[in-house]
Amino acid sequence: MPEKQSERTAATVCAQAGLLPTPSATVPLAPPIWQTSAFSYPDMETMEAITAGEVAGYIYARYGLPNHLQLEQVLATLEGAEAAIVTASGMSAIAATLFALTEPGQRVVADSHVYRGTRLLLEQDLARFGVQVDFVDCGDRAAVERTLREPARLLWVDTLTNPTLRVRNLAWLGTLAHAAGALFVVDNTFATPIHCRPLTWGATLVVHSATKMLGGHHDASGGVVAGPAELVEAIRRQVVRFGGRGGAFETWLIQRGLLTLPLRAVHSSSSAFALAQRLAAHPAVQQVSYPGLPGHPEHRLAERLFKGGYGAVVAFELVGGEAAVRRFLRALRLVRFAETLGGTITTVVHPATTSHRALPPSERAALGISDGLLRLSVGLEDPEELWADLEEALLASNE
Ligand code: PLP
């Protein structure tokens with residue numbers, strides 16, 4: 001075998017081109033993208049030590065890459081958690097949490113206003129796996145107390161309901177869940193850890209769709225669960241078995257997005273607040289739901305739970321129902337009609353014909369979703385220019 005690289009054939013040089021050492025006494029300011037599906041061991045003893053957890057070492061991308069681990073450390077710190085696990089999407093984080101922590105015969109209680117994807121997973125998959133799933137309006141304390149009289153393994157709520165922006169009282173929900181012996185899981189996607197940290201209010205675990213504000217640039221999908229190390233480890237094992245890890249580049253994009261999270265979250269919240277106030281005063285708008293507005297039913301609670309702003313999302317209802325919505329959406333120039341939230345671009349969605357389309361009108365009405373309801377997610381554009389665009393479209397909605 002030739003010893004020197006220069007003596008090897010082109011086939012060998014090319015096949016192993018990525019293994020050349022790159023010695024450096026310096027470190028990069030931005031994280032490398034660890035675009036590899038596996039790592040090689042120097043010998044059997046090292047493999048055994050890594051497998052036994054005695055020595056740090058990466059093995060295989062699905063188990064975790066340096067990009068995953070770096071992102072997990074930041075997210076655990078932001079949520080004030082012992083540990084975190086990052087996944088390929090918010091839904092993969094939610095699925096892994098539910099399947100890792102429940103067993104057939106146990107019972108899960110979830111908010112009837114929970115994110116629709118979570119609801120479908122609970123109804124169609126967790127129930128099929130033999131878990132009893134019950135929904136209750138988590139804004140109604142007496143109803144939650146009644147529901148938790150029967151044993152439950154887990155209570156699941158979103159900090160802010162989608163799309164109606166009601167605020168959940170994490171403090172008493174946590175107390176009730178723990179008294180019933182249940183884990184308390186909070187999806188904090190809408191609030192972000194910049195504005196609200198559910199673990200400080202009694203949550204056992206916090207979940208996010210990192211596709212939204214954490215990544216924040218409309219270019220990557222991801223999810224996270226943060227909480228006590230022992231539970232996160234059980235979820236990590238589930239993620240590995242489900243194949244729920246995101247790719248290196250996708251994870252890197254979220255790492256990059258996170259660099260500016262505090263600035264983006266505060267800016268978007270401040271613009272959202274200003275737009276909510278103007279929308280509330282406009283004659284083409286029937287009703288606005290934004291936790292920062294004094295007229296919001298849980299405004300006092302939001303003042304206690306939230307810091308530095310009330311989030312980027314505003315729900316509002318147009319006078320004139322779906323016909324007005326169609327005219328409004330056609331007239332927008334800056335704001336984009338898209339089924340997402342929490343990015344640099346301001347987006348708007350019509351829940352009755354998108355996320356909640358499959359529901360009969362009576363069920364939509366029970367969730368507070370009227371035909372005129374829109375959910376606005378405020379991005380980073382100049383708020384005055386956003387208002388000019390919304391004002392034009394509100395005018396058009398009336399014509
Ligand atoms: N949780 C909430 C509150 C969401 O809004 C979403 C998606 O919209 C998810 C979870 C699911 O996240 P993903 O789309 O990244 O799977």
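Me: Happy to look at this predicted model with you. How much area is buried between domain 1 and domain 2, and what share do carbon and sulfur atoms give?
Reply: Good place to begin. The two parts in question are domain 1, spanning 64–258, and domain 2, spanning 261–397. Carbon and sulfur atoms give 65% of the area buried between them, and that area is about 3,200 Å².

Me: How many residues of each domain are in contact, and how far apart do the C-alpha centres lie?
Reply: On one side, 31 residues of domain 1 take part, and they are in contact with 43 residues of domain 2. As for the C-alpha centres of the two domains, they lie 24 Å apart.

Me: Which residues form the salt bridge across the interface of domain 1 and domain 2?
Reply: The rule finds 1 salt bridge across this interface. A salt bridge needs a side-chain nitrogen of Lys or Arg within 4 Å of a carboxyl oxygen of Asp or Glu. Here the closest N and O atoms are 2.6 Å apart, and the partners are Glu-298 and Arg-166.

Me: How many residue pairs are in polar contact between the domains?
Reply: Counting pairs with both residues at pLDDT 80 or more, the number between domain 1 and domain 2 is 17.
Me: Which element gives the most to the side of domain 1 that touches domain 2?
Reply: Two elements give two or more residues to that side: α10 (248–258) and α8 (192–195). With 3 residues, the one that gives the most is α8.

Key
Residues numbered from 1 in each chain as written. Predicted model: local features only at pLDDT ≥ 70, side-chain atom pairs only at ≥ 80, totals over all residues. Heavy atoms only, no water. Domains from an automatic or database assignment. Contact = heavy atoms within 4.5 Å. Buried area = accessible area lost by both parts, 1.4 Å probe. Polar contact = N/O pair within 3.5 Å; in protein donor to acceptor, adjacent residues only side chain to side chain. Helix = DSSP H or I, 4+ residues; strand = E, 2+ residues; numbered from the N terminus.
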